[in-house]
Amino acid sequence: MKTTSYELKNAFSKTIIWVFLIAVTVYCLFPFVWMLSTSLKTESEAFRIPPTWIPLEPTGDSYIGIWVRKNFGIYFFNSTVISLATALLSTFFGALAGYGFSRFFFKGRRFLIGFFLATQMLPGVLLVGPYFKILSKVGLYDTRTGLIIAFLTICLPFSTWMMKGFIDKVPDELDQSAMVDGCSRMGIFFRIILPVVSPGMVATILFAFLLAWGDLLWALCITSSEPMITVTLGIARTVGEFRIIWPMLMAGSLVGGMPAIILYIFLQRLLVQGLTAGAVKE
Amino acid sequence: MERAVGFHHRIKDRHMWVLFVLPGVLLLVLVLGFPAITSLSYSIRPEKAGTDSYTLSHYTNLNKDPFFKRTFWNTAVFVSLSVAAHMVLGLAVAMVLNGALPVKPLFRIIALLPWVVPDVVAGIIWKWMYDPIYGALNDVLLKVGLINTPIEWLSNPKLALFSVILVNLWRGFPFVMLILLAGLQAIPQQLYEAAAIDGATKVQSFFHITIPGLKKMIVVALALDIVWEVRRFGLIQAMTRGGPGVLTEVLSTYTYKQYFQFFRFEYASAIAVIMTIVLLAVSLPYIWMISQEE
């Protein structure tokens, strides 16, 4: 009797868990399905009442249109160049600083660590005004370089933390024995540490890349001309147009979101560590 | 002689941190510290150029600006409801994913998707989902019979902020889930087994084992999530641009408008400074906790 009620209870809680999981799955995926479905419709079908779920006459026209009729090629190029440059710069300087924080226990270390953490908390809108004025003054407004400099404000603190986390895991004995062999600190950093943490470095580069890729605020504030804008700004501008062509906008959003989706799926395991700034120790 | 060289070498090595840390610090001061101070100085500068004096009038004017008050209130509602919902849903999903489940990796990826796409993309998908006539959401609700007439998700003044928060729940809970899942995985399973032997119910183990074991992760998730939700920009900009009226306007979109639509740099800076103070105050316990561990 007791077993049956236990089993019943167990089956009941299992059902609840599955119902919950399915509900969450629908909540998560539903918008993506809708995006994909719309992107494959013709413009007139997107405005059908009631909406169709599976496109009646599926077409890939929107996926061609974003490159041919819109400047998606330029946006993609800009986003890639800007995000990559930001990621490489911030990871390099982040690795240097991360090594410094990881291996040296100097006076003011805690303060500087606190400083790096605090800079991660600042809102972008605190900085966009001065950036607009300063960049205009030095001729870097509406340039890729300007945006790269601006993105360093987001990516550098983050890269430093992530790299410090990876370097912390490399035993200090490695450095010590290399020093006994007469290797300089810089030599140790470049020839021993960087190769050892190269998987972590790749992860940091990719995360920084995605941070830059996903931004809208900065692109909106310090770029303006069509040849300089990024994917996110290109998409956002389309929403502001008088007549929104939804299939094309959905195709653009899907393509613009794709790099992030693919990279994050690869990086899943390193995600938590990277985001919590070393607060999460495995 | 050998000794002296070694000693000399060690002293030098002790100071080598400068070489590693300084480039990053200088760069950060240059690209972030300096503009931040500039913004602070804008916020106490009179709008009429030519005078050297400083003024606190922008800050006192904030108090007279009904739009600012509304925006501040919206932000408070947006952030607190979002974060609370993230915590509840994030913890629930994390606990399910921490159990024995056949298709765990797949669920993890699915649950992560809303969080990985750019803010703008998330906002646009939902703007289209929410479309009263052509959107998918009303279509489903009508077909299921939950509603009789289409809902104006983003243009109904009573609903707009709520609708935006619903999207933000979708967007933000995966992050909290990830952090809490990492925390759950660190709690030894034996604790639960021992408690079960001692006759503890599931609810008791939840409050006496799970929650205390997650304390640190909860602090981390709370701090980071609050900071991110206060700064949230692209999502709202893409979906409503703060409208209808100022009903979904939050501090970041309002500051942006003040800067780049009204060109009131001084006033905008004052808002941004207030925002910064709030953010630093909220994240201080987190920063303190982390830097003490170092």
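# Exercises on a predicted two-chain model

Of the 282 residues in chain A, 48% count as buried (20 or more other C-beta atoms within 10 Å of the residue's own; exposed means 12 or fewer, partly exposed in between, with C-beta atoms placed from the backbone). This is a predicted model, in which local features need pLDDT of at least 70 and side-chain atom pairs count only at pLDDT 80 or more, while totals for chains, interfaces and linings use all residues. Residues are numbered from 1 along each chain as its sequence is written, and chains are lettered from A and ligands numbered from 1 in the order in which they are written.

## Exercise 1: the fold of each chain

Solution. 

Step 1. Helices (H or I, at least four residues) and strands (E, at least two) are DSSP runs, numbered from the N terminus.

Step 2. The C-alpha atoms of chain A fill a box of roughly 80 × 75 × 30 Å along the principal axes.

Step 3. In chain A, 78% of the contacts between residues at least 6 apart in sequence join residues at least 24 apart. A contact requires C-beta atoms, placed from the backbone, within 7 Å.

Step 4. Of the 294 residues of chain B, 44% count as buried. Among chain B contacts between residues at least 6 apart in sequence, 70% join residues at least 24 apart.

## Exercise 2: the two domains of chain A

Locate the domains of chain A and describe the contact between them.

Solution. 

Step 1. Chain A is divided into domain 1 (2-61) and domain 2 (71-275); the bounds come from an automatic or database domain assignment. Their centres, taken over C-alpha atoms, are separated by 34 Å.

Step 2. The contact between them takes 8 residues from domain 1 of chain A and 7 residues from domain 2 of chain A.

Step 3. On the domain 1 side, helix H1 (2-39) and helix H2 (43-46) of chain A are the elements that give two or more residues. The largest share, 4 residues, comes from H1(A).

Step 4. By class, the domain 1 side has 3 nonpolar, 3 polar and 2 charged residues. Here Ala, Val, Leu, Ile, Met, Phe, Trp, Tyr, Cys and Pro count as nonpolar, Asp, Glu, Lys and Arg as charged, and the others, Gly among them, as polar.

## Exercise 3: the contact between chains and the core

Characterise the contact between chain A and chain B, then the largest nonpolar core.

Solution. 

Step 1. The contact takes 73 residues from chain B and 79 residues from chain A. Helix H2 (residues 17-43) of chain B supplies the largest share of the chain B side, 15 residues. That side has 56 nonpolar, 11 polar and 6 charged residues.

Step 2. The largest nonpolar core has 162 residues, of which A:Phe151 and B:Leu180 touch the most other members. Such a core is a set of buried Ala, Val, Leu, Ile, Met, Phe, Trp, Tyr and Cys residues joined through C-beta atoms within 7 Å. Helix H8 (residues 160-186) of chain B gives the most to this core, 16 residues.

Step 3. Not counting residues up to four places away in sequence, A:Phe151 touches A:Ile82, A:Thr86, A:Ala212, A:Asp215 and A:Trp218.

Step 4. In helix H6 (residues 119-129) of chain B, 11 of the 11 residues are buried, so this helix is largely enclosed by the rest of the structure. Among them are B:Asp119, B:Lys127 and B:Trp128.

## Exercise 4: backbone features in loops

Where do A:Pro50, B:Pro244, A:Asp142 and B:Arg241 lie, and what is the backbone feature at each?

Solution. 

Step 1. A:Pro50 is in the loop between H2 and helix H3 (61-68) of chain A. A cis peptide bond joins A:Ile49 to A:Pro50, with omega about -10 degrees.

Step 2. B:Pro244 lies in the loop between helix H11 (234-239) and helix H12 (251-260) of chain B. The peptide bond from B:Gly243 to B:Pro244 is cis, with omega near 0 degrees.

Step 3. B:Arg241 lies in the loop between H11 and H12 of chain B. Although not a glycine, B:Arg241 has a positive phi of about 55 degrees. With 16 other C-beta atoms within 10 Å, B:Arg241 is partly exposed.

Step 4. A:Asp142 is in the loop between helix H6 (125-137) and helix H7 (144-168) of chain A. A:Asp142 is not a glycine, yet its phi is positive, about 60 degrees.

Key
Two residues are in contact if their C-beta atoms, placed from the backbone, lie within 7 Å.
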